[in-house]
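Here's a quick tour of how side chains meet inside a protein. Have the structure open and look for each residue as it comes up.

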Amino acid sequence: MNLKIYLILLEALLICSCRNAQPLSDTVGHIIVEIANAEKTSFLSLMDEIEIIPLETVDASVFGRVHTLRTDSRHIFIADDQTGSVLIFDAAGKYVHSISSIGNGPHEYLRIDDMGIHPETGHIVIFDAMQRKLLEYTETGQCAAQNKLPFDGVFLKFSRLNNSRLVFDRTMPHTDKALQYSVFIFNEDFRCIAKLFPYDTPLSFSVSPRQPFQIMHSQLFYLPMFSQTVYRIGEDAECMPVYTYDFGKHNMDRAYFASYRFEDPIKLTNDLKNGQSIYFFNVSMSDSQLFADFKYGELSCFHIYDLEHKSQKLFCDAYLDDCGSTLVPLTSSGDKFVSLVTSEQLNDIIRMDSRFDSYKPDEYDNPALIKYKFKTLPE
């Protein structure tokens, strides 16, 4: 079957699986991306309205590998994959407290698979997929609530559809027909009330988007695995396509993924590099811009789309000038993206960009949050 026809049919299947879905032509922002037009540039030259928030370093606030980053108007929350802790800083970067309740007993988790912030209480919500637990903690570390999913769906990511419904992304393939869906929605009693995005053939591997769920303007958006379309999920479990990225002949080859037999990650990566399709596709959303990052061959590619002006820019292998590092958003806050940099990266940025003349290089030994927009693109 022609690949383009296959992609259209598969997208149609996903849309039809969602109740009350809108016609594709009426709802989708069609973003055509020409890989041949990719430019080489630097991240710093594209960034605007940059805010640097150094994180206070004390013995209790040292962390190893960031798993999840969340922010609200008062706090910064970092889930550390290495220690299994959640570190809490205030909005200025001052260390406040840590949550570390590792174990398999009541009010304990074995690992942090995802983390969120309750929109009403401000509690830190930790999801432990191994124990199917969802735990809520106060900022002082007290467990305020604990719930358990009714069945093992190998869920890894979650979000809130509203204050009473939880949405889970099930990224791992499953042979049970009842579980061959990508999205499960639960009510406050943890009863499954909807299943979206069905599939017929379990894949032998999964590469989940970095942020499958994102909330913008109080609406929930979802990027399925191996999809180039961002969907909006409504409060009544209806979903509709909102933005579709079109790379032409370089679109992700879903037929290839469906037939691929996974052996080891190195072989998979090499096979993807030698192909003609994009891979490892992610979309980050702010109130005013979309940022997509993906791989094509050996290239790391980045795409900015301005929602107001409907303008775009594609660039590849973009580094923070000569320091050899890139910035990828971990979350967003209003109209700004949020990234985390090491002290070495931060000092390199301060040295290389005259906009930071008020900062003193080598003053910072701790990681820092960077909030930024991308410059307005010409229409």
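What follows is a short briefing on aromatic pairs, nonpolar cores and salt bridges. Keep in mind that this is a predicted model. It holds 31 aromatic pairs and 14 salt bridges.

**Aromatic rings**

- Start with F43 and F315: their ring centres sit 5.7 Å apart and their planes are at 85 degrees, so this is an edge-to-face pair.
- That pair links distant parts of the chain, with F43 in helix 3 and F315 in strand 22, 272 residues apart.
- F43 counts as buried, at 0% relative accessibility, and F315 is buried too, with a relative accessible area of 0%.
- Next come Y109 and Y137, which are edge-to-face because their planes are at 80 degrees, with ring centres 6.3 Å apart.
- Y109 lies in the loop between strand 6 and strand 7, and Y137 in strand 9, so the pair ties together parts that are 28 residues apart in sequence.
- Y109 is buried at 0% relative accessible area, and Y137 counts as buried at 1%.

**Nonpolar cores**

- In soluble globular proteins, nonpolar side chains tend to be buried together.
- The largest nonpolar core here has 31 residues, and Y245 and F281 touch the most other members.
- Strand 19 gives the largest share of this core, five residues.
- Leaving out residues up to four places away in sequence, Y245 touches a list of residues including I31, V33, F281, V283 and H303.
- Another core, of 22 residues, lies apart from the largest one, and L46, F291, A318 and F374 are among its members.

**Salt bridges**

- Side chains of opposite charge can pair when their charged atoms come close.
- K313 and E39 form a salt bridge, with the closest N and O atoms 2.7 Å apart.
- K313 lies in strand 22 and E39 in the loop between strand 1 and helix 3, so this pair ties together parts that are 274 residues apart in sequence.
- K313 is buried at 18% relative accessible area, because the cut-off for buried is under 20%, whereas E39 counts as partly exposed at 39%.
- R65 and D81 also meet in a salt bridge, at 3.5 Å from N to O.
- R65 counts as partly exposed at 47% relative accessibility, and D81 is partly exposed at 37%.
- Finally, E49, D335 and K373 are linked in a network of salt bridges.

Technical notes
Residues are numbered from 1 along each chain as its sequence is written. This is a predicted model: local features need pLDDT of at least 70, side-chain atom pairs count only at pLDDT 80 or more; totals for chains, interfaces and linings use all residues. Side-chain values use heavy atoms; hydrogens and water are left out. Rings of Phe, Tyr and Trp (its six-membered ring) pair if their centres lie within 6.5 Å; planes under 30 degrees apart count as stacked, over 60 as edge-to-face and the rest as tilted. Helices (H or I, at least four residues) and strands (E, at least two) are DSSP runs, numbered from the N terminus. Buried means under 20% relative accessible area, exposed over 50%, partly exposed in between (1.4 Å probe, protein chains only). A nonpolar core is a set of buried Ala, Val, Leu, Ile, Met, Phe, Trp, Tyr and Cys residues joined through side-chain atoms within 4.5 Å. Contact means heavy atoms within 4.5 Å. A salt bridge is a side-chain nitrogen of Lys or Arg within 4 Å of a carboxyl oxygen of Asp or Glu.
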